[in-house]
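Work through the exercises below with the sequence and the structure in view. Try each task before you read the solution that follows.

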Amino acid sequence: MVKHVILWTLNPELSTDEKQAVKAGIKAGLEGLVGKVPGLLDVKVYIDGRLDSSNADVMLDSTLESEEALKGYAVHPEHVAVANTKVRPYTIQRACLDFEV
């Protein structure tokens, strides 16, 4: 199995209300991919409970069957649609960690 973990920083120009709406959209969009993308076993998107010591706004914690499944996920049309409409337009920084478990 493979873990795919992403941290995003939202655009600071977004208002507090806009940030909440964007985070909710990211969560719904990415968590909704389970069962649609082959090999994607689990997705959790953390948007609440952020402490002041944090330097990111949103965390994706996902589990895939294999490295091949991760490669397929990256280009799957439904994932690309979520990334292009709910994530990329509103984020300014992304950090990724992929590893085998």
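**Exercise 1.** Does Lys27 count as buried, partly exposed or exposed, and what is its relative accessibility?

Solution. The model is a predicted one, and the values below are computed from it. Start from the cut-offs, under which a residue is buried below 20% relative accessible area and exposed over 50%, with partly exposed in between. Lys27 has a relative accessibility of 29%, so Lys27 counts as partly exposed. Next, look for a charged partner: Lys27 forms a salt bridge with Glu31, and the closest N and O atoms are 2.9 Å apart. Glu31 is partly exposed as well, with a relative accessible area of 28%.

**Exercise 2.** Find the salt-bridge partner of Lys3, and decide which parts of the chain the pair ties together.

Solution. The side chain of Lys3 meets that of Asp61 in a salt bridge, at 2.7 Å from N to O. Because Lys3 lies in strand 1 and Asp61 in strand 3, the pair ties together parts that are 58 residues apart in sequence. Now check the accessibility, and you will find that Lys3 and Asp61 are both buried. For another pair, turn to Asp57, which forms a salt bridge with Arg50, the closest N and O atoms being 3.4 Å apart. Here Asp57 counts as buried at 16% relative accessibility, whereas Arg50, at 40%, counts as partly exposed. The count of salt bridges comes to five.

**Exercise 3.** Which residues of the largest nonpolar core touch the most other members?

Solution. The core has 22 residues, and those that touch the most other members are Trp8, Ile26, Leu30, Val45, Leu60 and Tyr73. Next, ask where the core comes from: strand 1 (2-10), helix 1 (16-31), strand 2, strand 3 (58-64), helix 2 (67-75) and helix 3 (77-87) each supply at least two residues. Strand 1 gives the largest share, which is four residues. Then take one member, Leu30, and follow its contacts: leaving aside residues up to four places away in sequence, Leu30 touches Trp8, Val43, Val45, Leu60, Tyr73, His79 and Val82. As background, nonpolar side chains in soluble globular proteins tend to be buried together.

**Exercise 4.** Determine which residues of helix 2 and helix 3 are buried, and how they are arranged around each axis.

Solution. In helix 2, the buried residues are Ala69, Leu70 and Tyr73. Seen down the axis, the buried residues of helix 2 fall within an arc of 100°, so they line one face of the helix. The face turned away from that buried side carries the exposed residues Glu68, Lys71 and Val75. The buried residues of helix 2 pack against strand 1, helix 1, strand 2, strand 3, helix 3 and strand 4.

In helix 3, the buried residues are His79, Val82, Ala83 and Val87. They cover an arc of only 100° around the axis, which puts them on the same side of helix 3. Their cover includes strand 1, helix 1, helix 2 and strand 4 (91-100).

**Exercise 5.** Which residues make the nonpolar surface patch of about 470 Å²?

Solution. The patch is made by Met1, Leu41, Leu97, Phe99 and Val101. Take Leu41 as the example: Leu41 is placed in strand 2 (residues 40-46), and with a relative accessible area of 38% Leu41 is partly exposed.

Technical notes: Residues are numbered from 1 along each chain as its sequence is written. This is a predicted model: local features need pLDDT of at least 70, side-chain atom pairs count only at pLDDT 80 or more; totals for chains, interfaces and linings use all residues. Side-chain values use heavy atoms; hydrogens and water are left out. Patches are made of residues with over 30% relative accessible area and no salt bridge: like charges are joined within 9 Å, nonpolar side chains (Val, Leu, Ile, Met, Phe, Trp, Tyr) within 5 Å. Accessible areas come from the Shrake-Rupley method with a 1.4 Å probe; for residues, only the protein chains shown count as cover. A salt bridge is a side-chain nitrogen of Lys or Arg within 4 Å of a carboxyl oxygen of Asp or Glu. Buried means under 20% relative accessible area, exposed over 50%, partly exposed in between (1.4 Å probe, protein chains only). A nonpolar core is a set of buried Ala, Val, Leu, Ile, Met, Phe, Trp, Tyr and Cys residues joined through side-chain atoms within 4.5 Å. Contact means heavy atoms within 4.5 Å. The arc is that of the directions from the helix axis to the C-beta atoms.
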